[in-house]
Amino acid sequence: MALAAACIKRVIVIKREIQGCLVKACLCFSAKDAISDDKVKPPSKKPWRKKHKKTTLYEHLTWEERLADVVTPLWRLSYDEQLQLKQKHQEMILSQLSDQLSKGISSQVQSSSVNGKLGFPVMPILPSPVRDGYRNKSTFSVNRGVDGNPKTVGFYVGTGRERNITCVNGDHLLNMPEKHKLVARCYQDFIRLSPLEPCLLFHTGGHWREVTVRTNAEGQTMAIVFFHPQTLIPAEIEIHKAALLDYFTQGPGKACHLDSLYFQETSMTRCSHGESPYQLLHGQPHIHEEVLGFKFRISADAFFQVNRAAAEVLYSTVRDMCLPNTDKGGGRTKLGGTLLDVCCGTGAIGITMSPRVDRIIGIELIEQAVEDARHNAAFNSVRNCEFLSGKAEVILPALIPQLSSSKQLTAVVNPARAGLHYRVIRALRNQPAIRRLVYISCKADGEAMRNFRELCCAPDPQRKLTGEAFSPSVAVPVDMFPHTPHCELVLLFER
């Protein structure tokens, strides 16, 4: 525990925003916050003191330690200690929810939660089966390294506002698999051999940008190289694409054994395949991953949980919450009814639940993800799934009335950090056929908390929340990201 205390104290100093308990301090630290810390606090009126303090804090740390503190803030703790911190943090968040609901927001919950005490159980956090090298997707940036070389591939330490960004090699990071590190090293070697400069800032020129690496459990590897064309003509770009292909198929990069090599040229920070196509230079267009006995296609820009082993734990938990298996013998009893899968992505949750229900309807904003979901259903011979493309707040209000006759209607929602649109919450809340709703949140203390309150508050005609209130029944944290403060929270609401 002495080591744990030292880690917590260091995180407290680094974040400088702690006014309470050590647990909250450690868990509030994130890679995004570390990189964009200037967004958390207003600029100091005495910047020279602030910089002096930073120098004092970091001067005794190696660059590797600084990067590890940004990407994997809990790396100094044992895994058991990490789980304890995450468990306490989730309990703290849910105690706040209970406290808010007990103040009259919902009379249903008021009787079961008093003075911030939980009125529903929070189960012990489910650990990740794999703790090191678990990421199946990593994006490596290009910028000036510790030695000043602008063609350094790794991860950022510092902030753009402070103008102290340094790109540090990530070979020591605990959550990165060796294959990802190898591809990053080879890409760095390639761009250092290339006559083209890296693109550090779009308006200053340069071409070579980041590289994304995707792998699966079988060891298949996909690399996607991003390139800014600037003023190069197509014929000139073809020369450098050929050099990239030759390096990874005939040169030193052949050691990576890439199954797919993609190239995307774009002048935008991020863009979809439709805006600027991913060009397949080598290999197969997709790799596949298996989860709970189902295979899923992974395209260059498809979403997939970064920790496959923990994803199986997550999806099993969601499945048992949505559709509890009452078969005492451990069989796969079909419960029937309809499952509404909101923000379904590539269909993983719905497809893994398909044996237990009659019908699954998935809704997803990203068209490419919907195409992948339809492919995945067909590939696995799942015929009771349909996937709709568009905004959930547009589709759901029109769809919900059509499901009124459903005897068993269950909903699962898996939104991004921004939470669900209020029209989605309103449609779910006002459909009396939905008696059970499972909410998966990657940041329960963010916008998801607003969604929780809207699901559970007393009927409010002014906000058009006229349906019967839900009540939280049970919560299960799932650790998807060892060595970081993040985890998924699965929360069951019933009425």
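Leaving aside neighbours within four places in sequence, His207 is in contact (heavy atoms within 4.5 Å) with Leu196, Glu197, Pro198, Cys199, Phe226, Phe227, His228, Pro229, Gln230 and Leu232. The model is predicted, so local features need pLDDT of at least 70 and side-chain atom pairs count only at pLDDT 80 or more, while totals for chains, interfaces and linings use all residues. Residues are numbered from 1 along each chain as its sequence is written, and side-chain values use heavy atoms, with hydrogens and water left out.

His207 sits in the loop between helix 8 (178–193) and strand 4 (208–215); helices (H or I, at least four residues) and strands (E, at least two) are DSSP runs, numbered from the N terminus. With a relative accessible area of 11%, His207 is buried, a term that stands for under 20% relative accessible area, with exposed meaning over 50% and partly exposed in between (1.4 Å probe, protein chains only). The side chain of His207 reaches the backbone oxygen of His228 at 2.7 Å, and His228 is also among the contacts of His207.

For the chain as a whole, the secondary structure comes to 15 helices and 16 strands. Of its 495 residues, 53% count as buried. Among contacts between residues at least 6 apart in sequence, 66% join residues at least 24 apart.

The largest nonpolar core has 46 residues, and those touching the most other members are Leu314, Val318, Cys322, Ile351, Phe387, Val412 and Val438. Such a core is a set of buried Ala, Val, Leu, Ile, Met, Phe, Trp, Tyr and Cys residues joined through side-chain atoms within 4.5 Å. Helix 10 (residues 308–322) gives the most to this core, with 7 residues. Phe387, not counting residues up to four places away in sequence, touches Cys344, Gly347, Ile351, Gly362, Val370, Ala373, Arg374 and Ala377. A second, separate core of 41 residues includes Val122, Leu420, Cys456 and Cys457.

Leu420 leads on to Ile425, which touches Leu420, Asn451, Glu454, Leu455 and Leu465 when residues up to four places away in sequence are not counted. Ile425 is found in helix 14 (residues 422–429) and counts as buried at 1% relative accessibility.

Aromatic rings are the next topic. The whole structure holds 11 aromatic pairs, where rings of Phe, Tyr and Trp (its six-membered ring) pair if their centres lie within 6.5 Å, and planes under 30 degrees apart count as stacked, over 60 as edge-to-face and the rest as tilted. Phe140 and Phe155 form a tilted pair, 5.0 Å centre to centre with 50° between the planes. This pair links distant parts of the chain, since Phe140 belongs to strand 1 (residues 137–143) and Phe155 to strand 2 (residues 152–157), 15 residues apart. Phe140 is buried at 2% relative accessibility, and Phe155 is buried at 12%.

Another tilted pair joins Phe452 and Phe493, at 5.7 Å centre to centre and 45° between the planes. Here the link runs from helix 15 (residues 447–456), which holds Phe452, to strand 16 (residues 488–494), which holds Phe493, 41 residues apart. Phe452 is buried at 1% relative accessibility, and Phe493 is buried at 0%. Ring pairs also link Phe190, Trp208, Phe227, Tyr247, Phe248 and Phe263 into a cluster; of these, Phe227 is in contact with His207.

Strand 1 also contains Asn143, which counts as buried at 10% relative accessibility. Its contacts, leaving aside neighbours within four places in sequence, are Asn149, Pro150, Lys151, Thr152, Tyr156, Ile165, Cys167 and Leu200. With Tyr156, the side chain of Asn143 makes a side-chain polar contact at 3.1 Å. A polar contact is a pair of N or O atoms within 3.5 Å; within protein, one must be able to donate a hydrogen and the other to accept it, and residues adjacent in sequence count only if both atoms are side-chain atoms. Ile165 is 22 residues from Asn143 in sequence and 8.1 Å away in space, C-alpha to C-alpha.

Strand 8 (residues 287–291) has a covered face of Ile287, Glu289 and Val291 and an uncovered one of His288 and Glu290. The strand runs antiparallel to strand 9 (residues 294–298), joined by 5 bridges; strands pair if DSSP finds at least two bridges between them. On the uncovered face, His288 has Arg297 of strand 9 as its bridge partner. The hairpin of strand 8 and strand 9 has 2 residues between the strands, and Leu292 in this hairpin takes a positive phi near 55°.
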